[in-house]
Amino acid sequence: MSSRTDLGPAAPNLANLNGSGLHVAVVASQWHEKVMNGLLDGALRGLADAGVADPVVVRVPGSFELPVACASLADHFDALVALGVVIRGGTPHFDYVCDAATQGLTDVAVRTKTPIGFGVLTCDDDAQALDRAGVEGSHEDKGYQAAQAAVATFTTLSAVIASRPVKTSRA
């Protein structure tokens, strides 16, 4: 379902991921049920395709709550997937929620060194959200992509770290 541009495939090819043995939690908001069901189904498919067994699903009210939930779970899982959708309305609320979710999730990932697949849709209207949600007729499956990104980041960083000696001091 990846979009193509003049630059080639828009999404990376993450085929052949091996996430077997990983402990992954999917944190999903509850606003906009049809979109969220598509994102969650996609994330669970993405994890299954990567060999991740029995991911834990945690539901929170909205996208604003994703960072605190991920912060609470980061020390207990190898990777997380954050799913939400914020649809622009007539007030600045959209900007505040999008910024808080993005900055909050970034902070959690960097501070805890836990990969977080970012599956938060920030859309101008319902049609854009549905087109990215992985539901029938969608052009993209952002839940699937976020789950695969979390596993790919964890496995890549683990391999690099395992191949390097521990740095003891700066010269």
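Colleague: Asp54 sits in the loop between H1 and strand S4 (56-60). What makes H1 a helix and S4 a strand here?

Modeller: They're DSSP runs, numbered from the N terminus: helices are H or I over at least four residues, strands are E over at least two. This is a predicted model, where local features need pLDDT of at least 70, side-chain atom pairs count only at pLDDT 80 or more, and totals for chains, interfaces and linings use all residues. Residues are numbered from 1 along each chain as its sequence is written, and side-chain values use heavy atoms, leaving out hydrogens and water.

Colleague: Why is Asp54 called exposed?

Modeller: Its relative accessible area is 72%. Exposed means over 50%, buried under 20%, and partly exposed in between (1.4 Å probe, protein chains only), so Asp54 counts as exposed. Asp54 also has a positive phi of about 55°, though it isn't a glycine.

Colleague: How do you know that Lys113 is exposed?

Modeller: Lys113 has 71% relative accessibility, so it's exposed by that cut-off. Lys113 lies in the loop between helix H3 (93-112) and S6, and its phi is positive too, about 60°, without being a glycine.

Colleague: What makes a set of residues a nonpolar core?

Modeller: They're buried Ala, Val, Leu, Ile, Met, Phe, Trp, Tyr and Cys residues joined through side-chain atoms within 4.5 Å. The largest one has 28 residues, with Val81 and Leu83 making the most contacts inside it. H1 gives the most to this core, six residues. Another core, of 15 residues, lies apart from it and includes Phe77 and Val108.

Colleague: Which residues is Val81 in contact with, leaving aside neighbours within four places in sequence?

Modeller: Among them are Val24, Ala43, Gly117 and Ala150, where contact means heavy atoms within 4.5 Å.
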